[in-house]
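Subject: Structure handover

Hello,

Here is the structure I said I would pass on. My notes on what was found in it come after it.

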Amino acid sequence: MPCPALPEGFDFTDPDVYQSRVPLPELAQLRQTAPVWWNAQPHGVAGFGDDGYWVVTRHQDVKEVSTKPEIFSANLNTAIIRFQESMTRDQIDVQKLIMLNMDPPEHTRVRQIVQRGFTPRAIRALEDALRDRAAHIVTEARRKGSGDFVTDIACELPLQAIAELIGIPQDDRARIFDWSNKMIGYDDPELAITEEVGVNAAMELISYAMNLAAARKESPAEDIVSRLVAAEHEGNLGSDEFGFFVLLLAVAGNETTRNAITHGMHAFLTHPDQWELYKRERPGTAAEEIVRWATPVVSFQRTATQDTELGGAKIKKGQRVGIFYSSANHDPEVFDRPEVFDITRDPNPHLGFGGGGPHFCLGKSLAVLEINLIFNALADAMPGISLAGDPRRLRSAWLNGVKELQVHYG
């Protein structure tokens with residue numbers, strides 16, 4: 001179906017677009033005129049050897065795709081909607097070892113193992129330590145007077161939470177930060193990261209995690225690693241599976257929460273009434289609205305396992321289907337005034353943690369906890385924080401990322 005408001009050749013995974021903005025007006029136009037729309041691409045530009053993908057924009061349709069893995073597979077082409085054109089099929093296929101890119105029943109098996117580390121009890125056990133870490137992070141940043149909010153504050157608590165959760169020494173968190181940046185920064189020329197550098201970073205992280213798993217098998221400790229890898233024959237993770245799990249955590253548990261915190265701070269500072277409200281009342285609904293507003297992952301993809309129909313469009317077997325969470329989270333059929341940042345929004349059925357189904361975010365409770373803790377610490381220690389410059393955005397095909405946000409800490 002044509003969409004006359006879009007310029008010819010517009011691509012919803014064009015990293016040049018996301019370097020300046022999320023294309024919310026264009027997505028809104030599609031929701032109204034062609035909610036499931038074929039986005040043609042030059043052959044193979046996304047690394048998949050095809051000619052495009054379907055753009056799914058409505059909340060209800062994103063949920064439908066997310067909850068039907070038997071029809072819409074995360075495994076066939078992975079969940080990443082765009083790689084570089086030079087990506088080989090072998091490089092794509094090796095990523096199927098990551099839980100994000102699995103389908104049931106293999107996904108079910110791995111998820112049942114790793115979710116032991118994300119039980120309510122496990123997250124509560126981290127809360128006091130993470131509260132202290134949040135306070136320390138903010139106190140250290142305030143001493144500088146001003147600086148980059150991303151590196152000083154937003155990235156620190158997610159990294160420390162991962163380290164705390166799986167027993168990575170805190171001194172190694174800078175290495176995790178560096179590896180994860182290299183894995184997701186291949187579209188941003190400023191980072192000077194080639195595909196080879198990204199692949200090498202992934203392999204270094206996997207090797208690090210496998211060595212950690214081997215050490216815990218030899219000498220178990222009171223941490224999640226020991227619980228996940230001990231007695232592999234009794235239904236635990238092998239060392240290689242654990243390596244790919246840590247790789248997923250480094251991106252899904254680090255990059256996404258870091259960007260949610262950064263976008264949340266920017267939203268507060270550009271909506272001062274909401275910052276005043278937060279400082280005064282600390283509503284429990286704030287973290288969910290921050291995630292809706294930020295939607296750190298703009299889109300993932302699935303691949304049709306059979307001919308099917310969605311939103312009036314006929315999708316052929318083997319075609320890729322992009323599920324655009326940013327669009328779903330601004331669907332006026334679901335959200336009253338979605339363009340408004342409202343930290344008291346309730347209910348808030350956003351899809352920032354996924355659209356339900358088998359891939360619903362395993363670490364949601366941890367992410368919400370981190371967001372609450374860091375903004376409470378910020379409101380307590382630096383209520384006068386202010387912007388010192390515009391955010392500098394990551395050039396990426398699927399992440400709503402911020403590289404730098406200069407602020408005065410007050």
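A crossing of two helices is called left-handed if the near helix is turned anticlockwise from the far one by less than a right angle, and right-handed if clockwise. By that rule, H6 passes H8 in a right-handed crossing. Please note that this is a predicted model.

Helix H6 and its two partners

Helix H6 covers residues 120–144 and helix H8 covers residues 156–166; their axes come within 10 Å and cross at roughly 150°. On the H6 side the contact is made by Leu-126, Ala-129, Leu-130, Arg-133, Ala-134 and Ile-137, and on the H8 side by Glu-156, Leu-157, Gln-160, Ala-161, Glu-164 and Leu-165. Sorted by class, the residues of this contact are eight nonpolar, one polar and three charged.

H6 also packs with H16, at an angle of about 35° and with the axes 9 Å apart. The crossing of H6 and H16 is right-handed. From H6, the residues that meet H16 are Ile-123, Leu-126, Glu-127, Leu-130, Arg-131, Ala-134, Ala-135, Val-138 and Arg-142. Their counterparts in H16 are Ser-365, Leu-366, Leu-369, Leu-373, Ile-374, Ala-377, Leu-378 and Ala-381. This contact of H6 with H16 has 13 nonpolar, one polar and three charged residues.

The five-stranded sheet

An open sheet of five strands runs in the order E1-E2-E8-E5-E3, and its pairing is mixed. Strand E1 (36–40) and strand E3 (72–73) are at the edges with a single partner strand each, so one side of each has no neighbour in the sheet. Helix H3 (residues 59–66) packs on the sheet and touches E1, E2, E3, strand E5 (299–304) and strand E8 (320–324). The direction of H3 makes about 125° with that of E8.

Going through the pairs, E1 and strand E2 (residues 52–56) are antiparallel over five bridges. Asn-39 has Tyr-53 in E2 as its bridge partner, and Trp-37 stands opposite Val-55 in E2. E2 and E8 pair in the parallel sense over four bridges. Here Val-55 stands opposite Gly-322 in E8, and Tyr-53 stands opposite Arg-320 in E8. E5 and E8 run antiparallel and are joined by five bridges; Thr-303 stands opposite Arg-320 in E8.

Why is E2 described as largely enclosed by the rest of the structure? Five of the five residues of E2 are buried, so the rest of the structure largely encloses this strand; buried here means under 20% relative accessible area. E8 is mostly covered as well, with five of its five residues buried. On one side of E8 the buried residues are Arg-320, Gly-322 and Phe-324, and on the other they are Val-321 and Ile-323.

The three-stranded sheet

A second open sheet, of three strands, has the order E4-E12-E9 with antiparallel pairing. Its edges are strand E4 (146–148) and strand E9 (386–387), each with a single partner strand, so one side of each is left without a neighbour in the sheet. E4 is joined to strand E12 (residues 406–408) by three bridges, and Gly-147 stands opposite Val-407 in E12.

The core, and Phe-12

The largest nonpolar core has 134 residues, of which Phe-12, Phe-149, Phe-242, Phe-375 and Leu-378 touch the most other members. Helix H12 (residues 239–270) gives the most to this core, with 15 residues.

What does Phe-12 contact, leaving aside its neighbours within four places in sequence? The residues are Leu-6, Tyr-18, Pro-23, Glu-26, Leu-27, Leu-30, Trp-37, Asn-39, Tyr-53, Val-55, Phe-324 and Ala-397.

Helices H13 and H14

In helix H13 (residues 272–281), the residues Gln-274, Trp-275, Leu-277, Tyr-278 and Lys-279 are buried. The buried residues of H13 pack against H12, H14 and helix H16 (364–381). Just after H13, Arg-282 takes a positive phi of about 45°.

Glu-288 is located in helix H14 (residues 286–294). Glu-288 and Pro-349 are 61 residues apart in sequence, and their C-alpha atoms are 8.9 Å apart in space. Setting aside neighbours within four places in sequence, Glu-288 is in contact with Asn-348, His-350, Phe-353, Lys-364 and Val-368.

Regards

Terms used:
Residues are numbered from 1 along each chain as its sequence is written. This is a predicted model: local features need pLDDT of at least 70, side-chain atom pairs count only at pLDDT 80 or more; totals for chains, interfaces and linings use all residues. Side-chain values use heavy atoms; hydrogens and water are left out. Axes are lines fitted to C-alpha atoms, for helices over the stretch in contact, and angles run from 0 to 180 degrees between N-to-C directions. Helices (H or I, at least four residues) and strands (E, at least two) are DSSP runs, numbered from the N terminus. Contact means heavy atoms within 4.5 Å. Ala, Val, Leu, Ile, Met, Phe, Trp, Tyr, Cys and Pro count as nonpolar, Asp, Glu, Lys and Arg as charged, and the others, Gly among them, as polar. A nonpolar core is a set of buried Ala, Val, Leu, Ile, Met, Phe, Trp, Tyr and Cys residues joined through side-chain atoms within 4.5 Å. Buried means under 20% relative accessible area, exposed over 50%, partly exposed in between (1.4 Å probe, protein chains only). Two strands pair if DSSP finds at least two bridges between them.
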